[in-house]
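Biologist: I've got this one open on my screen and I'd like to go through it with you. Can you tell me where the labels come from as we go?

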Amino acid sequence: MNTITLKKIVTLSKNDLRSIFRDKSFWAPMLAPIAILLLLRFGVPQLAIYYPEVNQYQGLILALMSCINAIFPAFFVSFIMLEEKDLQLFSVMRVMPLAPHWFIIYRISFITLMSFGFVFGTLLLSGLVALSLPKILALSFLIALMAPLTTLIIVTFAKNKIEGITMLKGINMGLALPLVAFLVMSPWTKLLAIIPVYWIYQAFDMSANFWLNTTIGIAYLGLLIAVIFRRFKNKVFR
Amino acid sequence: MILVKKLVYTYPQRKEATVRDISFEMPKGEIFGFLGPSGAGKSTTQKVLTGLLRNYEGQVMVKGKDLKSWNSDYYNHIGVGFELPNHYLKLTALENLQLFASFYDKPTQSLQTWLDRVGLWKDAQVRVENFSKGMKMRLNFIRALMHDPDIIFFDEPTSGLDPVNARILKDIILEQKHLGKTIFITTHNMHDADELCDQVAFIVDGKISLIDAPQNLRLQSGKKLVKVTYRDAQLNASLNTREYAMEGLGNNSDFLELLQTQDITSIHSEEATLEDVFIKTTGKKLT
Ligand SMILES: Nc1ncnc2c1ncn2[C@@H]1O[C@H](COP(=O)(O)OP(=O)(O)OP(=O)(O)O)[C@@H](O)[C@H]1O
Ligand SMILES: [Mg+2]
């Protein structure tokens, strides 16, 4: 990467952050990940005092909350991108001397990185499950991939912010769905494996093969991202 | 500079072509105008030429090179003015320009100078969400030329602007032409086309019906008449008009007598406007 490319990335990121921080409707959601972290750190141990059975689900609780935290950056960025779609700013990007798809790839990296930071912080500071640093890094990457996936889904399929909010709610509710597979004993629950978050929960199952599940998760999320990326590029970014 | 041969463009979901077999040539250093009513295919043509719409039929050559073989470097050479304002609303005017300026290989011209020229320097630090439509359009305008491109495309550059600002923008366009830039303009404003363009193409329903210099068009269709309005003293000072052929006007005794004896209120030559010519050629109105 040469200095010119670096300069473009810095300018773009700086302005993306400006767009996020200057939007008053994002101020409250920006505090939510911190609230969730505090809840994990101090709330869950308190709860475990009264309901000791909570302890066996710590991994799943942490997984679910990390996913929720991963999706906040997706919320901010997908709203910025819905506006870009609405105002035809993608057309402006397309008449700039940037290599094809450079901008979309930048954006996906930006969201992933931001989300990675949120998840890393959550996993590191929650104090719930003892994980080695390599595992925290791998999990942070896996969970962070939820952000570009969510963003691409919303920006590709939502026509406006109202639809975007609805989709976001749907996705957030869908996050908890695969938990059924870990709470109910039935071979049918294996079908939930088609929902990408399933693999995140699977990776938190300490009795299972961590690296295998994490790798499958990253590959599966990566594939879904690639599929929607194609559609976004052909239908929206034009 | 730009050569278009038998261009046909059909939008993906449409059965019929929107741009139907148009050919034209834009010489270097000239302003070429597309004049036509709403829906004629002006913006569509501009989008093909600026690489936003692909899968067209026919040939487009820019600077001696097929449009299809240009890569993203093309955008260092051209500037694109969009029909509708498109900026980041949460960023200020200056931040918006600086963002796009960072994408070019060379440094852009002074943004302060440009903002100042279009009367936006005092609002440079204001977020674009607080801009009026006209202010946003002026910002669009700067973005199209701040990187000093050889070829500039403007899609209705003066639409939605007050006369003072429209004047400023038109002066800049003419100045860019004198700097040797090749300029493509779409408009449905015949005055703009008349004033700015070296050549205008009349476009209706995706087809060009004629290409010529505005003066030629007006001269060919001019009626060469003078219309005189006067108050008739005999008829209770009611308003009357008479028309005289321009030819031999100085010796036209009837005309001269009218001037000497009546209370003249106005005298106009009946030149054809570009719109008259447009209607005569295409059978369609401009608006
Ligand atoms: N994205 C699109 N998909 C399908 N059809 C389109 C699309 N954009 C424009 N059209 C159609 O193509 C035709 C020409 O549109 P275009 O925008 O080129 O007209 P125009 O001459 O620029 O008009 P105006 O003066 O109103 O800007 C119209 O009939 C329009 O409905
Ligand atoms: Mg148009």
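This is a predicted model: local features need pLDDT of at least 70, side-chain atom pairs count only at pLDDT 80 or more; totals for chains, interfaces and linings use all residues.

Biologist: Which residues of α3(A) meet which residues of α5(A)?

Modeller: From α3(A) the list is A:Leu62, A:Ser66, A:Asn69, A:Ala70, A:Phe72, A:Pro73, A:Ala74, A:Phe76, A:Val77, A:Ile80, A:Met81 and A:Glu84. They meet A:Phe103, A:Arg107, A:Phe110, A:Ile111, A:Met114, A:Ser115, A:Phe118, A:Val119, A:Thr122 and A:Leu123 in α5(A). By class, that contact has 16 nonpolar, 4 polar and 2 charged residues.

Biologist: Why is α3(A) called roughly antiparallel to α5(A)?

Modeller: The axes of α3 (residues 58-86) and α5 (residues 102-125) of chain A cross at roughly 150 degrees, coming within 9 Å. Angles over 145 count as roughly antiparallel, so that label goes to α3(A) and α5(A). As for the hand, the crossing is right-handed.

Biologist: What makes α1(A) and α3(A) roughly perpendicular?

Modeller: Helix α1 (residues 3-21) of chain A and α3(A) cross at roughly 100 degrees, and their axes come within 10 Å. The range for roughly perpendicular is 65 to 115 degrees, and therefore α1(A) and α3(A) get that name. A:Asp16, A:Ser19 and A:Ile20 of α1(A) make the contact with A:Phe76, A:Val77 and A:Ile80 of α3(A). Those residues divide into 4 nonpolar, 1 polar and 1 charged.

Biologist: And how do you know that α6(A) is roughly parallel to α11(A)?

Modeller: Helix α6 (residues 133-144) and helix α11 (residues 210-236) of chain A pack at about 25 degrees, with axes 9 Å apart. Roughly parallel needs an angle under 35 degrees, so α6(A) and α11(A) qualify. Their crossing is left-handed. On the α6(A) side you'll find A:Pro134, A:Lys135, A:Ala138, A:Leu139, A:Phe141 and A:Leu142. Facing them in α11(A) are A:Phe210, A:Trp211, A:Thr214, A:Gly217, A:Ile218 and A:Leu221.

Biologist: Let's go to the two chains. How many residues does each chain put into the contact?

Modeller: Chain B gives 26 residues and chain A gives 25 residues. Between them the chains bury about 2500 Å², with 64% of it on carbon and sulfur atoms. B:Tyr88, B:Lys90 and B:Phe103 supply 27% of the area that chain B buries against chain A, more than any other three residues.

Biologist: What makes B:Glu95 and A:Arg22 a salt bridge?

Modeller: Their side chains meet at 2.8 Å, N to O. The cut-off for a Lys or Arg nitrogen and an Asp or Glu carboxyl oxygen is within 4 Å, so the pair of B:Glu95 and A:Arg22 passes.

Technical notes
Residues are numbered from 1 along each chain as its sequence is written. Chains are lettered from A and ligands numbered from 1 in the order in which they are written. Side-chain values use heavy atoms; hydrogens and water are left out. Axes are lines fitted to C-alpha atoms, for helices over the stretch in contact, and angles run from 0 to 180 degrees between N-to-C directions. Helices (H or I, at least four residues) and strands (E, at least two) are DSSP runs, numbered from the N terminus. A crossing is left-handed if the near helix is turned anticlockwise from the far one by less than a right angle, and right-handed if clockwise. Contact means heavy atoms within 4.5 Å. Ala, Val, Leu, Ile, Met, Phe, Trp, Tyr, Cys and Pro count as nonpolar, Asp, Glu, Lys and Arg as charged, and the others, Gly among them, as polar. Buried area is the accessible area (1.4 Å probe) that two parts lose on being put together, summed over both.
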